[in-house]
Amino acid sequence: MAGTSSVAIAETDVPFALDWKFEGPSAPYFHAIDAGIFADADLNVTITEGQGSLDAIPKVATGAFPFGFADINSLMRFLDQNPEAPVKAVMMIYDKPPFAVVGRKSLGVETPKDLEGKVLGAPPPDGAWAQFPIFAAENDLDMDAITVEPVGFPTREPMLAEGKVASVTGFSFSSTLNLKRLGVPMEDQSVLLMADYGVALYGNAIIVNTDYASENPEVVTGFLTSIAAGWKGAIADPATAIEALIERNPAADADLETERLQMAIDANVLTDYVQENGIGGIDEERMTTAIEQTKSVYEFSTEPEISTYFDGSYLPAADLRMLQ
């Protein structure tokens with residue numbers, strides 16, 4: 001009987017929906033597969049790419065995926081519009097969000113005010129674009145003076161590289177290195193990280209279907225423990241983590257994706273707060289500020305509360321979440 005039970009546990013299949021393509025910042029999850037970290041937790045994890053920061057939310061809310069990776073701010077708005085949806089964030093990954101406006105100095109964009117009088121390219125489903133109104137409010141930008149050009153994700157950086165727009169919204173580590181690949185040197189790029197310009201928001205988090213979580217709490221904690229270990233391994237040995245990524249995306253440039261992963265580690269994941277407290281948790285005072293900022297540009301149907309969006313009860317102990 002015990003043998004049958006252990007076999008069943010070993011065969012726990014866990015589909016995981018990413019926010020975006022298989023690029024550097026997703027390497028820690030593939031590393032957790034190849035290094036046997038998920039297997040040690042009796043999990044068989046399969047990873048599916050996404051099409052933007054909002055993409056995984058409905059996938060998890062409908063139960064198509066038990067776990068996903070998504071922007072917590074987009075999750076807040078989704079839950080306000082779908083209050084019965086069984087989805088919640090359970091582990092913060094981007095303690096400092098990569099939401100950014102990336103411009104070109106040669107096109108006159110170096111500060112937030114420089115966006116006025118110019119064309120900004122923004123994909124409608126983009127997580128950074130969703131937070132742009134907060135960034136604009138915090139920096140007293142005149143939105144009427146900014147021409148917003150809706151662009152697709154595939155055309156966003158090419159349009160900036162060709163000078164058809166002066167800046168774009170996006171994740172800092174995605175847009176900058178995509179531009180670099182297109183021949184725009186880093187010294188011509190201006191990266192306005194919204195978190196450096198008054199935006200207190202958090203970024204992407206692991207989200208879970210709450211019905212699944214309540215029925216499988218050990219699976220959820222095992223998954224989150226493995227995620228932390230995957231990031232720890234990637235920080236200690238980025239090259240090995242990138243090898244796991246390239247295995248799934250052979251067309252990717254290993255050097256470029258290593259640079260992208262390191263950018264995410266340095267700017268978004270391994271913050272002072274995370275170094276002190278471990279990955280995954282949130283500071284309630286900061287989250288309260290983030291909610292207030294969101295309220296300034298979005299009218300909630302019901303009074304927002306942290307517990308509606310984030311549940312840290314499935315996280316492993318802090319010592320298992322330390323990244324160094």
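1. Let's start with D42, which is partly exposed, at a relative accessible area of 32%. Here buried means under 20% relative accessible area, exposed means over 50%, and partly exposed is in between (1.4 Å probe, protein chains only). D42 sits in the loop between α3 (37–40) and β2 (43–48). Helices (H or I, at least four residues) and strands (E, at least two) are DSSP runs, numbered from the N terminus. D42 is not a glycine, yet its phi is positive, about 60°.

2. A word on what you are looking at: this is a predicted model, in which local features need pLDDT of at least 70 and side-chain atom pairs count only at pLDDT 80 or more, while totals for chains, interfaces and linings use all residues. Residues are numbered from 1 along each chain as its sequence is written, and side-chain values use heavy atoms, with hydrogens and water left out.

3. Now go to D140, another residue other than glycine with a positive phi, near 55°. You will find D140 in the loop between α6 (127–138) and β7 (147–150). Is D140 buried or exposed? D140 is exposed, with a relative accessible area of 60%.

4. Helix α6, which D140 follows, is worth a look of its own. The 12 residues of α6 should span 16 Å at 1.5 Å a residue, and its end C-alpha atoms are 17 Å apart, which agrees. The expected span of a helix is 1.5 Å times one less than its number of residues. Which residues of α6 are buried? They are G127, A128, Q131, F132, I134, F135 and A136.

5. Next, find A85 in the loop between α5 (72–81) and β4 (87–92). Leaving aside residues up to four places away in sequence, A85 touches A61, F78 and L79; contact means heavy atoms within 4.5 Å. A85 and A254 are 169 residues apart in sequence, and their C-alpha atoms are 39 Å apart in space.

6. On to charged pairs. Side chains of opposite charge can pair when their charged atoms come close. A salt bridge is counted when a side-chain nitrogen of Lys or Arg is within 4 Å of a carboxyl oxygen of Asp or Glu. How many salt bridges does a search of the whole structure find? The search finds 14.

7. One of the pairs to look up is D126 with R156, where the closest N and O atoms of the salt bridge are 3.7 Å apart. This pair links distant parts of the chain, 30 residues apart: D126 is in the loop between β6 (119–122) and α6, and R156 is in helix α7 (residues 153–161). D126 counts as buried at 4% relative accessibility, and R156 counts as buried at 4%.

8. Another salt bridge joins the side chains of E259 and K180, at 2.8 Å from N to O. E259 belongs to helix α12 (residues 254–269) and K180 to helix α8 (residues 172–181), so the pair ties together parts that are 79 residues apart in sequence. E259 is partly exposed, with a relative accessible area of 28%, and K180 is partly exposed, with 36%.

9. Two further items to find on screen. The side chains of E116 and K113 form a salt bridge of 3.2 Å, N to O; E116 is partly exposed at 24% relative accessibility, and K113 is partly exposed with a relative accessible area of 42%. Finally, look for E23, E257 and R260, which are linked in a network of salt bridges.
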